[in-house]
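Biologist: I would like to learn how to read a fold from its coordinates, going from the overall make-up to single residues. Could you take me through one case step by step?

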Amino acid sequence: MKSLTIAFLVALSCGIASAQAPREKPKELEQLKQYVGHWTTDVTSKQAEWTSQELEFRCSNHAEFAPNGWFLQHREVNHIVGEPDKISKGIWFQTYDPASSKFITWFFQSSGIISHTTGTWDAASKTFHFDEVEPPSGTTHRFAERFRDAATVDGALSFTGNDGIKKFEMVWTRKRQAGISGKSLMEQWGKLGTPIQPIPDEVKKLEAFVGTKDVEFINRPSIVSPKGGSTKTVTTGEWILDGRFVLARTGVGEKESCFVSGYDSNKRAFRYVRFGSNGEVEENIGQWNETDTSFHWKGVGDANGLTRTSTSRVLAGGAIETHILTKTADGKVHMDLTIKSTPKK
């Protein structure tokens with residue numbers, strides 16, 4: 001989708017402002033290493049209430065760790081068997097959260113779907129079990145992947161209504177492809193093709209964030225920055241998933257961040273999720289205000305009683321100015337940050 005967005009600037013700034021020391025990676029990330037490499041997958045979407053007929057899909061997937069080994073990043077391209085021109089794409093990030101003792105996955109698909117699951121690993125059956133964080137109302141969700149062996153994974157996904165009727169059911173088998181670098185897959189995944197679903201007009205609002213930007217972070221005195229200060233960096237980004245989402249990356253010193261942002265038609269809101277090199281995951285949701293040409297963001301699920309709000313105003317010439325304010329539960333200013341972003345010359 002977009003290339004570089006406010007979303008990213010807001011998210012990265014939090015990490016820079018807090019200047020977190022590197023954390024030790026949880027040993028549970030070792031379980032995700034089983035996915036590293038290149039895979040092909042045969043998928044059957046069975047007939048159910050949400051799918052009028054059975055369909056067969058063929059998928060190619062490449063998984064590698066990034067950033068800084070905290071997240072397993074999957075990139076996938078798939079098509080309907082017999083209809084090679086009908087291509088869809090996806091990207092997802094997986095990690096382990098020690099606080100909740102859960103594996104966390106965020107999915108983004110070229111159809112516009114954004115999905116968030118949490119899960120566990122069963123060593124006895126060699127199976128990951130995942131639960132949708134926000135399943136469709138009135139449904140229960142089941143999602144599991146079992147490692148038959150190091151080169152074969154059997155998977156199943158279903159949604160069942162409270163009335164017991166199967167709403168959706170899909171099964172698949174992944175096969176590891178030894179010796180394949182995934183280069184051709186990455187080239188196809190990165191090419192902006194024809195969207196399989198119409199892209200909402202709202203996505204156009206993010207055009208200002210595409211490209212390479214010079215960025216300055218200006219901290220006013222606060223809990224995380226008692227004396228204030230400023231930092232400069234460069235951000236880059238690219239449209240992905242056929243123009244439906246944006247993947248952006250940046251870094252200051254050893255601190256790296258990448259994020260995916262887009263427009264969620266179901267929530268009727270802009271959303272972005274940041275994945276940081278210290279294992280952080282941050283979700284934000286926002287709206288566009290035409291009057292002041294600004295995005296207004298609010299943090300979702302902020303920890304430790306903090307509240308985070310931000311406004312990103314699109315200025316003339318592609319410049320953007322963002323102000324982020326986080327406060328503690330008792331109203332103290334935790335962070336007060338302004339981000340100035342200008343197109344790189």
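Biologist: How many helices and strands are there in the chain?

Modeller: Helices (H or I, at least four residues) and strands (E, at least two) are DSSP runs, numbered from the N terminus, and by that reading the chain has three helices and 20 strands. Along its principal axes the C-alpha trace spans about 60 × 45 × 40 Å. This is a predicted model, in which local features need pLDDT of at least 70 and side-chain atom pairs count only at pLDDT 80 or more, while totals for chains, interfaces and linings use all residues. Residues are numbered from 1 along each chain as its sequence is written, and side-chain values use heavy atoms, with hydrogens and water left out.

Biologist: What do the strands β1 to β10 close into, and in which order?

Modeller: Strands of a sheet pair through backbone hydrogen bonds, either parallel or antiparallel. Two strands are taken to pair here if DSSP finds at least two bridges between them. Ten strands close into a barrel in the order β1-β2-β3-β4-β5-β6-β7-β8-β9-β10, with antiparallel pairing, and neighbouring strands of this sheet are turned by 25° against each other on average, direction ignored. As one example, ten bridges join β8 (residues 139–149) to β9 (residues 152–161), and H141 has F159 in β9 as its bridge partner.

Biologist: Which strands does helix α3 lie across?

Modeller: Axes are lines fitted to C-alpha atoms, for helices over the stretch in contact (heavy atoms within 4.5 Å), and angles run from 0 to 180 degrees between N-to-C directions. Helix α3 (residues 183–190) lies across β1, β2, β3 and β4, and runs at about 75° to β3.

Biologist: Which residues have the most contacts inside the largest nonpolar core?

Modeller: In soluble globular proteins, nonpolar side chains tend to be buried together. A nonpolar core is a set of buried (under 20% relative accessible area, 1.4 Å probe, protein chains only) Ala, Val, Leu, Ile, Met, Phe, Trp, Tyr and Cys residues joined through side-chain atoms within 4.5 Å. The largest has 44 residues, and those with the most contacts inside it are I91, F93, F108, F128 and F275; its largest share, five residues, comes from strand β5 (residues 102–109). A second, separate core of 15 residues includes V203, A248, Y263 and V314.

Biologist: Is G276 buried or exposed?

Modeller: G276, in strand β15 (residues 269–276), is buried, with a relative accessible area of 0%. Leaving aside neighbours within four places in sequence, G276 is in contact with P67, W70, F71, E256 and S257.

Technical notes
Buried means under 20% relative accessible area, exposed over 50%, partly exposed in between (1.4 Å probe, protein chains only).
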